[in-house]
Amino acid sequence: MANKDLKQQLIDSAFAAQEMAYVPYSQFRVGAAVLDEQGRIFSGCNIENASYGAANCAERTAIFGAVAAGARRIKMLAVITDDDDFARPCGICRQVMREFAAPDFVLLALKPDGSYIELSMDAILPFSFGPEQLE
Ligand code: THU
């Protein structure tokens with residue numbers, strides 16, 4: 001099934017991006033990959049900084065790369081961390097996902113063994129503030 005292949009590609013991209021994590025301070029590697037409305041995949045890792053607050057999460061690295069390439073809607077985002085449990089995006093990343101999430105957006109929260117759970121935008125950020133609130 002084509003959709004299954006796309007999901008697997010997204011997952012593979014997230015794992016590959018995790019290998020690129022720049023994490024000299026936390027040693028906590030995170031990888032993410034987003035699928036945009038045109039079927040393109042963009043990936044990203046977390047990038048830390050000696051000035052700790054300047055760190056960027058993997059999810060935002062991936063989303064910002066997509067947006068910088070012209071994407072305005074994201075359909076899916078896969079994320080993997082070093083945690084043994086399913087990956088949990090931070091609150092800031094959830095808000096950034098909210099900005100660009102397509103109505104049918106799905107988060108694939110992965111475990112290192114490759115298993116995952118699928119969560120909707122509303123499940124990860126209920127009663128959220130988004131672009132519509134400024135219309
Ligand atoms: N991190 C992410 O990349 N994504 C998240 O959703 C949670 C946290 C990164 C930031 C930092 O480099 C490291 O994980 C520890 O917080």
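Trainee: Strands here are DSSP runs of E, at least two residues long, numbered from the N terminus. Which strands form a hairpin?
Mentor: S1 and S2, with four residues between them. Gly 39, in the turn, has a positive phi of about 85°. This is a predicted model, where local features need pLDDT of at least 70 and side-chain atom pairs pLDDT 80 or more, while totals for chains, interfaces and linings use all residues. Residues are numbered from 1 along each chain as its sequence is written, and side-chain values use heavy atoms, leaving out hydrogens and water.

Trainee: In what sense do S1 and S2 pair, and over how many bridges?
Mentor: Antiparallel: residues 31-36 and residues 41-45 pair over five bridges; DSSP must find at least two for strands to pair.

Trainee: What stands opposite Ala 32?
Mentor: Gly 44, in S2.

Trainee: Ligand next. Which residues surround the ligand?
Mentor: Among them are Ser 26, Phe 28, Val 30, Asn 46, Cys 57 and Arg 88; the criterion is a heavy atom within 4 Å. By class, the shell has six nonpolar, two polar and three charged residues. Cys and Pro count as nonpolar, Glu and Arg as charged.

Trainee: What lies 2.9 Å from an oxygen atom of the ligand?
Mentor: A backbone N or O atom of Ala 58. A backbone N or O atom of Cys 90 also lies 2.9 Å from a ligand oxygen. For Glu 48, a side-chain N or O atom is 2.5 Å from an oxygen atom of the ligand. Polar contacts are pairs of N or O atoms within 3.5 Å.

Trainee: How much of the ligand does the protein cover?
Mentor: 78% of the 370 Å² of accessible area that the ligand has on its own, by Shrake-Rupley with a 1.4 Å probe.

Note on methods: A polar contact is a pair of N or O atoms within 3.5 Å; within protein, one must be able to donate a hydrogen and the other to accept it, and residues adjacent in sequence count only if both atoms are side-chain atoms.
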